[in-house]
Amino acid sequence: MAIFTTPTGSKQETNILPPTATVGAYIPDTTAPAAEAVEPTEPVLRYPLTDAERDVVERVVMAEAGGESFEGQMLVAQCILNAAEKRGVDPSEAVVLYSYTKSRPDPTQRVKDAVAAVFDRGETVVDEPILYFYNPALVTSAFHESQIFVIEEGGHRFFAERSTR
C-alpha cells in the first residue's frame, strides 16, 4: 500500500505506483530497512611467501619493473602470483616456468611494498587473471599479442591467457 499526492494536493491511497502525470512525492507506507554497518575487512593473505620465495619475487619484480610505477610493479607481482596459483607451484618455480628475466638485482623498498601488497594483502591492479607481460619497446612478441590484452602500464603490456578450449 502506498500514499501519493495528486496534482491538486490531496492524498490518495493505492496499491500501485502513481500515474506518470501525477506531481508529488511517492511515500511508501513501510519503513526502509535499516542500513547494515559495513565492517572494515582485514587484508587477505593470498600466498604466504617464505623468506627465500619473497627474496626471489622481489628481485624478479625489481628486474622486470623496478623503474616502473608502483602499479606496474604490482602488475608484475600479480602475474607471478597468478602463474604460481595456476600451475600449483611456488613463485620461485613460476618465474622459471614463465621465463622471467634471470637478472636478480637488489629490490627497492617500493618494490618490496608492491610485492607485499599483492602477496600479503591480496591487492590487485586488475581483476583479470593476468599471466603474461612484455615490453614492446625492447622486444616483439606474437605470442603475447595472441593472448587477451588487459592493460598497458608504463612500458609493459599485460595479458590474460587465451583459452584453448
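Which helix does Ala65 lie in? Select residues 51-65: this is helix α1, and Ala65 lies in it. (Helices are DSSP runs of H or I with at least four residues, strands are runs of E with at least two, and both are numbered from the N terminus.)

Before going on, a note on what is on screen. This is a predicted model, in which local features need pLDDT of at least 70 and side-chain atom pairs count only at pLDDT 80 or more, while totals for chains, interfaces and linings use all residues. Residues are numbered from 1 along each chain as its sequence is written, and side-chain values use heavy atoms, with hydrogens and water left out.

**Stop one: Ala65**

Stay on Ala65, which is buried at a relative accessible area of 1%. (Buried means under 20% relative accessible area, exposed over 50% and partly exposed in between, with a 1.4 Å probe and protein chains only.) Now show Gly72, Gln73, Val76 and His156: Ala65 is in contact with these, leaving aside its neighbours within four places in sequence. (Contact means heavy atoms within 4.5 Å.) To try the distance tool, pick the C-alpha atoms of Ala65 and Ala77, which are separated by 9.5 Å.

**Stop two: α1 and α4**

Next, select residues 109-119, helix α4. Its buried residues include Val111, Val115 and Phe119, and the buried residues of α4 pack against α1, α2 (70-87) and α3 (91-97).

Show α1 and α4 together: their axes come within 9 Å and cross at roughly 120 degrees. (Axes are lines fitted to C-alpha atoms, for helices over the stretch in contact, and angles run from 0 to 180 degrees between N-to-C directions.) For the side chains that make the contact, select Arg54, Val57, Glu58, Val61 and Met62 of α1, then Val111, Lys112, Val115, Ala116 and Phe119 of α4.

**Stop three: aromatic rings**

Now colour the aromatic residues; the structure holds seven aromatic pairs. (Rings of Phe, Tyr and Trp, the last by its six-membered ring, pair if their centres lie within 6.5 Å; planes under 30 degrees apart count as stacked, over 60 as edge-to-face and the rest as tilted.) Zoom in on Tyr100 and Phe133, whose ring centres are 5.6 Å apart with planes at 40 degrees, so the pair is tilted. Tyr100 lies in the loop between α3 and α4 and Phe133 in strand β4 (residues 130-134), so the pair ties together parts that are 33 residues apart in sequence. Tyr100 is buried at 6% relative accessible area, and Phe133 counts as buried at 10%.

Finally, select Tyr98, Tyr132 and Phe143, which ring pairs link into a cluster.
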